[in-house]
Amino acid sequence: MLGRVEWSVDGHPKAIGRRRERLLLGLLLLEMGRPLPMDRLIDLLSDEDERPRSRTDLYVDVCRLRASLRRGGCDDSVRLVRSGSTYALTGDPQLVDLHRFTQLVYRAQRGTEPQEVSRLASSALAEWRGGRCWRTSRPSGHAGASAPLSTNC
């Protein structure tokens, strides 16, 4: 998440599929473990200049993402689950660079020993791999799940 949306197994990057699946994965990773309503996902995945998206479109995106994750070697430690009218990605948030970064920064901010603070801050910065993942084409009235995603994701 701190750069392009990527999936890797044992340090080896795996193909995620189309841009829409990468955007969907990014949204689910941002909210790891928390259910996102289907209507919210549809809204966040829709571009302002395309036809309105439907639940059927979301089902297709989810199916393609699941297939990409299976082909990429995703095991049961991370699962894309549906519950009622929500989807969530379940698993250890520490598998996601953004969540590791946030935790390291939190610990560094509360540290009292300069060497420990420096070590934690350096570890946090090591998680950063590229530019932010921001969508610039989203109208101002459309806030992201936690943050908007980029067209370069």
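Colleague: In which order do the three strands of the open sheet sit, and is the pairing parallel or antiparallel?

Modeller: Start with the words. Helices (H or I, at least four residues) and strands (E, at least two) are DSSP runs, numbered from the N terminus. Two strands pair if DSSP finds at least two bridges between them. Here the order is E3-E5-E4, and the pairing is antiparallel. Strand E3 (36-37) and strand E4 (79-83) are the edges, as each pairs on one side only. Before we go on: this is a predicted model, where local features need pLDDT of at least 70 and side-chain atom pairs count only at pLDDT 80 or more, while totals for chains, interfaces and linings use all residues. Residues are numbered from 1 along each chain as its sequence is written, and side-chain values use heavy atoms, with hydrogens and water left out.

Colleague: How many bridges join E4 to strand E5, and how many join E3 to E5?

Modeller: E4 and E5 (residues 86-90) pair over five bridges, and E3 and E5 over two.

Colleague: Why is E5 called largely enclosed?

Modeller: Burial is about accessible area: buried means under 20% relative accessible area, exposed over 50%, and partly exposed in between (1.4 Å probe, protein chains only). Four of the five residues of E5 are buried, so the rest of the structure largely encloses this strand. Across the protein, buried residues make up 40% of the 153 residues.

Colleague: Which helix lies across E3, E4 and E5, and at about what angle to E5 does it run?

Modeller: For angles, axes are lines fitted to C-alpha atoms, for helices over the stretch in contact, and angles run from 0 to 180 degrees between N-to-C directions. Contact means heavy atoms within 4.5 Å. Helix H1 (residues 19-30) is the one, running at about 75° to E5.

Colleague: How far does helix H5 reach, and which of its residues are buried?

Modeller: The expected span of a helix is 1.5 Å times one less than its number of residues. H5 (residues 114-127) has 14 residues and reaches 20 Å from its first C-alpha to its last, close to the expected 20 Å. Its buried residues are Leu120, Ala124 and Glu127. They cover an arc (taken from the directions from the helix axis to the C-beta atoms) of only 50°, so they sit on the same side of H5. Helix H4 (97-110) is among what covers them. The face turned away carries exposed Pro114, Gln115, Leu125 and Ala126.

Colleague: What covers the buried residues of helix H3?

Modeller: The cover includes E1, H1, helix H2 (38-45), E4 and E5. Among the buried residues of H3 (residues 55-71) are Leu58, Val62 and Leu65.

Colleague: Where is confidence lowest, and where is it highest?

Modeller: pLDDT is the predictor's confidence in each residue, from 0 to 100. Strand E1 (residues 7-9) is lowest at a mean of 71, and E3 is highest at 96. Over residues 133-153 the pLDDT is below 50, though this stretch has 56 contacts in the model beyond near neighbours in sequence. Where pLDDT is low, the predicted coordinates should not be read in detail. The mean pLDDT of the protein is 77, with 79% of residues at 70 or more.
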